[in-house]
Amino acid sequence: MEKENRHDEIKREHAISVSDALKRLISLGRPYLGRYITLCILAGILSVSGVFLAESLRRIINAAVDKEMSGLISGLVFALIVVVTDALGNFISTYLSGTLEIRSTASLQATILSKLMRSKTRELERFHSADLIGRIQDAAPAAQTGINEKTIQLFGNVLQVVFLLSYLLSLQYILTLGTLLICILLPLVMVPFSRRLRNLHIEREKAVAAQQSFVQDALQGAEVVRAFSLAPRLGSQFRQRLEGLTALHTRVTRLEAIGYNMPFAVVLGGLLYVLSFGGYLVIQGRLDVGAVAAFLITFDQITQPVSRLANLWTELQSALAQGSRVFEITDMEEEKATVRDDGKKYGEMGTVSFEKVSFGYGSSDLVLSGVSFTIEQGKVTAFAGPSGSGKSTILNLLMAVYEPLAGNIDCDMGSMADIPPGEWRSRIAYVSQEPYLFSGTIRENIAWGRADADVSAVKEAARSAGIHSFIEGLPQGYETRIGERGLTLSGGERQRLAIARAFVREPEMLILDEPTAALDSQHEEMIQQALGKLMQGRTTVVVAHRLSTIRDANVIYYLENGSIVEAGNHESLMAEDGKYRAMVEKSVHHSENPHELAIEGGYL
Amino acid sequence: MITDDKVKSPANPSSTVWSAFRRLVGYAGLYRAGFMAAIVLLAAKLVVDIGFATVQKLFIDTITSSDTDALTRVTVICGIACAIIIVCLIFQHYFRFTVHFRMAWDLRSRLFDRSNRLSFQEVQSMHSGDLSSRNNKDVNSAMSMVSSVVYELFYNLLLTLVSFIYLARSDVWIALLALGSGPVVFFCSRFFDRKLRNLSVDIFAREAGLRALLQEVVQGMTVVRAFGMEDAILNRYVKERAELGILQRKRTVLVGLLWQTSAFINNVVMVVCAGMIAYSALGGGMSAGGVLAFVILIGRVQWPFVHMSQTWGAVQEALGASDRVFEILDKETENESGGERAVQREERQKRIERGERQAPYFRNASTGDHNQPALMLKDVHFAHKISADDPQQALFEGLNLQVNAGETVAVVGPSGSGKSTLVRLCCGLYQPDQGSVSLHGVCLRESLDQGRGLATYVPQIPYLFAGTIGDNIAFGTEGKSEEEIRMAAGLAGADDFIMKLPDGYATHIGEHGASLSGGQKQRIAIARAFLREAPLLLLDEATSALDNETESLVQRSLDVLMQKRTTLVIAHRLSTVLDADRILVMEKGWIVEEGTHKSLLEQQGLYAKLYRIQFQESDMPKEAV
């Protein structure tokens, strides 16, 4: 597939502004408003308990200073009640926020995945698969947790600060106002840094995504990595990339080192202020010592919410960066919904015709330039031509994986542009040259073809694909687990599973992309028979280089540079003395051995 | 799609916090200065936490003495001290996180190296999504243990100690009371340890499983769409994610209990102490400032225990992650046989101690002994091992094969006869269970890297890496110039199409070479083989569809490649078989026939049968051979 210009496109990322990202990040929290409010109320109660603990300690100390036994006891009882309430409240709050995080994250992740599967292929191709995975598994939780935590922190801490401050105000207002001023002013130091910090976060996340893509590539290429002893080279590349990441990380850390210590500076500054100015007030006789002590303890309590508030914006930068990564996916253009608006059912697919269809990948040249042809119902249509001539592209268009840039694809159901891709695809089955299987049992892999396929349907399909006896011969039969992408099976076995998967689907149209390429001769015969059975009464579209596969097609289209140059059946094309014939003859004569048919093959 | 048996309890439950910590902290060796600086600068925090009470006492006593000048003086001094402390803390944060980051990356880079060196069979039995999850996620979680232990546990222990001494100077009994209650807090919470750790291993494994599921879905998007699997996959994801959610909720409850229990016990002790001090103050003899300092100091002795208790919970979770990381690091690599291993690890440890950053892995491929047969398999036994509890039937039971230098040997046979396994054995991707494989006298079991340097393996489906075309060709060789790369590409018939691309050799190809056609990918893989210049060529002929023109281009390149080289080729094309010096016919793990095309046809055996099937169903012009 020609998409040379992918890389230019990758550059057109960050289109999301801060305020936009923030707004959307907040909107992620909206469904959980009820939970937030509960948690905030809890936080409010807990903040009161902080005040009460301070008050009880003040009473205890004052009782000690005043030498009053009853005050001491009541203070102690009071303190114990506060402590119990505090522990209970905190536990409930932890539990609620924990479950909130789990639920909201899971739902966001599912939303992204479903979005991903509905997005246009063209959009998805801009990203490495590891990057997309990272956005679901890492970025989504980071963004969601970020907004959950920050919202609750914001409300909870503001409440707490208000409570504690009003308590302090009741003790001494000038002292309190000064404290307030310090609490507000110092964190502002970080504001100018926040933009730089966010940009650094975005850059770092990108670098991390690139790194993960690199790791995944290497791990999946395990065979080549070993056969070519690539480990040292990959290792050194890994470390090289690390250098770049380290530089970024160092810059982030430098800013954060200052940012995260600002709240602490607030605390120290505040304490100093309380002690010195409060002390001055005591000397002046405007305050008692017990009040300074209570002030100190309350101030100790107030530091936590204040430092969290102060850090809020700084910490939010990372959530914002992660959020933008998530929103980039949720912004992707979607395919049409699966359900038709008027609820009517579609009829048969019938004959499919391409009218002046043009297509190109990315921003590169056109792969198909205005091709027109028909695929007749119940007939076999074959496409031949050199590589890069656009054969596979036609199959991709037929599977509605891409949409034509210009022109129209029509069938008895109407124009393809109006038909939901899901509806269209429910009528086709696809067998590719390199079968793609999923980890899981053999039964599951065949049953992927149709949602409601039962065991007998699966077995029937396997029998038709000529793999039933092989499966039965396995120790666990149909419940045998196959590894990642079916790599524990041989090429022929994989392909026959893929064909069984197509069988079980009972499609109207069969799309075959060189389906017998990986099979040996014995199996190929079997498969050809099976495919013949499958093709009966179905429309078949096949791309092939094997003469045996295309020779019997009703119509053969010969493609070159994205245009159809010849059309007809095998005999008429051979009689025409054109490119098709040249291809057939060239393949027969290009080596000393006129027949390239090999032990396992059947190549032209 | 994701197996349930992946979710299992710790592979190596015997690894303790201490042993895991020691291994992890070993990675600090290279950044000792920064690490030490981060620890030393912690003193600033200690000064704050301890000095706090002193300063308060100082202030309150100054206040009660009503000396305004003294108050100003104390304020100024403390202000300067605070500024210094803040600066120290900024540096502490900086060093701590930079060193942590580097340590995590060193661990990650080791893990990456190790995963690339695991035996191929081992890797095949794992999902690559699981492996990358260990690399991406678990490393960070594991490394967090070092921070937890060093900065939290160690610091809090220190804090307790200093506070205790300070407190004991005033009143030994109350100090002892405060200190004695601390361990109660700590040990009450240990009840949760084992559960937390097991839970976290399960959670990490589940997360890896989800990543693997996503990886297959994203990479197989075309199939997902063509078969309308979207809803089924979403359901599966939601289901598995919900199972993870249940585990996470359990963890939340456990952590919540752990934290609140310790905080509660602590608060109770603090109130009781305050009451006792106040009670003793009733009898006189203690100033108001003294009582206040006491209350705060008791908190200082107490809180560290609470923190330690909570941190310990985090350490248990990190232990779950480190179990998963070390599981890979402890697996044998391809090159290691049992005995060598311990020695190698010792060496590695020494290297780390010496502060060497990177081990010299790459050994120049030596030429081997040319008088020895190019390829020799002696009594090879081999069985695929998919998993430990599911041993597959033996494939080879005493396979012998000798290929002499310069020979071209074609291998044919029905699928499942062991052709691919044979080739993989020849380049050491698989090691025989019994018997030996040697290339030019170099035994693959003894010196894998050297042996491998003598062979070039061209797999059926070319695997390309996301990167430039030039890099992809040069992979597997060291220090090749651009001219040499172009030359190799030219020989492989790839130069023309590469030069037509907008950026030529610097063109970025997508994931798995997505922007190239099948034939182009194949030619790049062949160019790679040309550049490698190894004497033995192991070729799995491509069966995937190439059009005739491309096919003949590829074939011509391969013919050139095979010249002057010893070749073992899994043949799918008749011309390859006809050109071969010798043909091996394989069936069910045995070489059942051997000879030239002609002699094999005369034998009227399997070869003749395979040949006939092919030709009877074909109308291709028959020609006497």
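Predicted model: local features only at pLDDT ≥ 70, side-chain atom pairs only at ≥ 80, totals over all residues.
Let's start with how the chains meet. On chain B, 150 residues are in contact with 150 residues of chain A. Which part of chain B gives the largest share of that side? That would be helix α9 of chain B, residues 230–282, which supplies 28 residues. If you sort the side of chain B that touches chain A by class, you get 80 nonpolar, 51 polar and 19 charged residues.

Staying with chain B for a moment, there is something from a record. An unreviewed UniProt entry carries the annotation "transmembrane region" for residues 30–54, 74–95, 142–166, 172–192 and 285–303 of chain B. I picked two of those spans to look at. Residues 74–95 of chain B are 100% helix and 0% strand, and their end C-alpha atoms lie 31 Å apart. Residues 142–166 of chain B are also 100% helix and 0% strand, and there the end C-alpha atoms are 36 Å apart.

The largest nonpolar core in the model has 331 residues, and B:Met145 is listed with A:Ile511 and B:Val411 as having the most contacts inside it. The helix that gives the most to this core is α11 of chain A, residues 289–330, with 18 residues. Apart from that core lies another one, of eight residues, including A:Tyr36, A:Leu39, A:Leu46 and A:Leu100. And what does B:Met145 touch, leaving aside its neighbours within four places in sequence? Its contacts are B:Ala20, B:Phe21, B:Leu24, B:Val315, B:Ala318, B:Leu319 and B:Ser322.

Now over to chain A, and a pair of helices. Helix α6, residues 129–171, and helix α7, residues 173–185, of chain A pack at an angle of about 145°, with their axes 6 Å apart. From α6(A), the contact uses A:Leu165, A:Leu168 and A:Leu169; from α7(A), it uses A:Tyr173, A:Thr176, A:Thr179 and A:Leu180. By class, that contact has five nonpolar, two polar and no charged residues.

A:Gly270 sits in helix α10 of chain A, residues 231–284. Is A:Gly270 buried or exposed? It counts as buried, because it has 23 C-beta neighbours inside 10 Å, and the cut-off for buried is 20 or more. Setting aside neighbours within four places in sequence, A:Gly270 is in contact with A:Thr179, A:Ile182, A:Cys183 and A:Phe299. The C-alpha atoms of A:Gly270 and A:Ile302 are 10 Å apart, although 32 residues separate them along the chain.

Last stop: the sheet in chain A. This is an open sheet of six strands, in the order β6-β9-β10-β3-β11-β12, with mixed pairing. At its edges are β6 (428–431) and β12 (563–568) of chain A, each pairing on one side only. From one strand to the next, the twist averages 15°.

Inside the sheet, β3 (residues 380–384) and β10 (residues 539–543) of chain A pair in the parallel sense over four bridges. One bridge there joins A:Phe383 to A:Val543 in β10(A). Helices lie against these strands too. Helix α12 of chain A, residues 391–398, lies across β3, β9, β10 and β11 of chain A, running at about 145° to β10(A). Helix α17 of chain A, residues 491–505, packs on the sheet as well, touching β6 and β9 of chain A, and its direction makes about 175° with that of β6(A).

Terms used:
Residues numbered from 1 in each chain as written. Chains lettered and ligands numbered in written order. Contact = placed C-beta atoms within 7 Å. Helix = DSSP H or I, 4+ residues; strand = E, 2+ residues; numbered from the N terminus. Nonpolar A, V, L, I, M, F, W, Y, C, P; charged D, E, K, R; others polar. Pairing = 2+ DSSP bridges. Axes fitted to C-alpha atoms, helices over the stretch in contact; angles between N-to-C directions. UniProt positions renumbered as here; feature names shortened; annotations may be inferred. Buried ≥ 20, exposed ≤ 12 C-beta atoms within 10 Å, placed from the backbone. Core = buried A, V, L, I, M, F, W, Y, C linked by C-beta atoms within 7 Å.
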